[in-house]
Amino acid sequence: MNIRTHLLSAICATMMLAGCGGQGGSANDSAASGTAAGSGEKVLRVATNAEFAPFESLDENKNIQGFDIDLMNALAKEGGFKVEFTHQPWESLFPALANGDVDVLASAVTITDDRKKTMLFSDPYYQISQVVLVPKGKDVKSVDDLKKLNKVGVVTGQTGDLAVQKILGNTSDKIARFKTVTLLMEEIGNGGVDAAVSDSAVVAHYAKNNSDKGYKLIKLDGFDVENYGLVLRKGDDATAAKLNDALKKIKENGEYAKIESKYFAQ
């Protein structure tokens, strides 16, 4: 997802509480930090931007759901800690972590060398690449074909945005930017853009759930492989070690595979 430098003035948005064992949280609940009352268990405040299905989204009751949520709950169960989730705007996630308002970001965050300078990442937990989604009647077989389109849609600041900038130029008027992937996908459905570029698992999820519309998902040479990681503050090595140990264990015992099969289009 987003690789831009984020403004430190962004404010943490509405907090919501969730327990372990795969449950989400209500957008009207508040989150606390520290230790769970009466249990002695550490509580990790986990922030996410729930507008990136199937990794994180809100259900009809405004509860957070998705792969990242189930993953964090599984890590908490395996690692003997609790988690409380915050749904907030993407641009506020990194300032919230830096300011100490939350402890972990679980929001399909791409591990990059630039981010490693100021943040601590867990071991990678999911691998994707950028892909192109085109509506029925259009086709893109190469980067040159992408250059010929009138409008290519991306989500502002996400790695799809950067990938398209490398192809079309960062000031190209052919790039149409949207605040969320939901808005981007709506626009390709409305015919406002000729193609959309975003993370492969997210695009595959959307195409699968809209199979009647004839969308085509295309992989192009030149898009880098990306790895998602959980994000912590620099110096929080103890928490990173706990998360990495739990991640290794749920991969070994089959829980990770179970969560993965629940969410992703094959």
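The structure is predicted.

The protein has 266 residues, and 52% of them are buried. Its chain forms nine helices and 15 strands. The protein exposes about 12,300 Å². Carbon and sulfur atoms supply 46% of that area.

Now for helix H5, which spans residues 159-168. H5 is mostly covered, with seven of its 10 residues buried. Those residues are Thr159, Gly160, Asp161, Ala163, Val164, Ile167 and Leu168. Here is the answer to the opening question.

Next, find Phe223. This residue sits in the loop between strand S13 (216-218) and strand S14 (225-228). Is Phe223 buried or exposed? Its relative accessible area is 13%, and the cut-off for buried is under 20%, so Phe223 counts as buried. Which residues does Phe223 touch, leaving out those up to four places away in sequence? They are Gln130, Val131, Val132, Ala163, Ile167 and Val197. Two of these names have come up already: Ala163 and Ile167 are buried residues of H5. Phe223 and Gln130 are 93 residues apart in sequence. In space, their C-alpha atoms are 5.8 Å apart.

Turn now to a pair of helices. Two packed helices are described by the angle between their axes and the distance between the axes. Helix H1 covers residues 67-79, and helix H9 covers residues 255-263. They pack at an angle of about 165°, and their axes are 10 Å apart. Angles over 145 degrees count as roughly antiparallel, so H1 and H9 are roughly antiparallel to each other. Their crossing is right-handed. Which residues make the contact? H1 supplies Phe67, Asp70, Leu71 and Ala74. H9 supplies Glu255, Tyr256, Ile259, Glu260, Lys262 and Tyr263. By class, the contact holds six nonpolar and four charged residues, with no polar ones.

Start at the loop between strand S3 (51-52) and strand S4 (56-58), where Pro54 is found. A cis peptide bond joins Ala53 to Pro54. Its omega is about 10°.

Move on to Lys62, in the loop between S4 and strand S5 (64-65). What is the phi of Lys62? The value is near 65°, which is positive, and Lys62 is not a glycine.

The last stop is Ala108. This residue lies in the loop between strand S7 (104-105) and helix H3 (113-116). Ala108 is not a glycine, yet its phi is positive, at about 50°.

Methods:
Residues are numbered from 1 along each chain as its sequence is written. This is a predicted model: local features need pLDDT of at least 70, side-chain atom pairs count only at pLDDT 80 or more; totals for chains, interfaces and linings use all residues. Side-chain values use heavy atoms; hydrogens and water are left out. Helices (H or I, at least four residues) and strands (E, at least two) are DSSP runs, numbered from the N terminus. Buried means under 20% relative accessible area, exposed over 50%, partly exposed in between (1.4 Å probe, protein chains only). Contact means heavy atoms within 4.5 Å. Accessible areas come from the Shrake-Rupley method with a 1.4 Å probe; for residues, only the protein chains shown count as cover. Axes are lines fitted to C-alpha atoms, for helices over the stretch in contact, and angles run from 0 to 180 degrees between N-to-C directions. Angles under 35 degrees count as roughly parallel, over 145 as roughly antiparallel, 65 to 115 as roughly perpendicular and the rest as oblique. A crossing is left-handed if the near helix is turned anticlockwise from the far one by less than a right angle, and right-handed if clockwise. Ala, Val, Leu, Ile, Met, Phe, Trp, Tyr, Cys and Pro count as nonpolar, Asp, Glu, Lys and Arg as charged, and the others, Gly among them, as polar.
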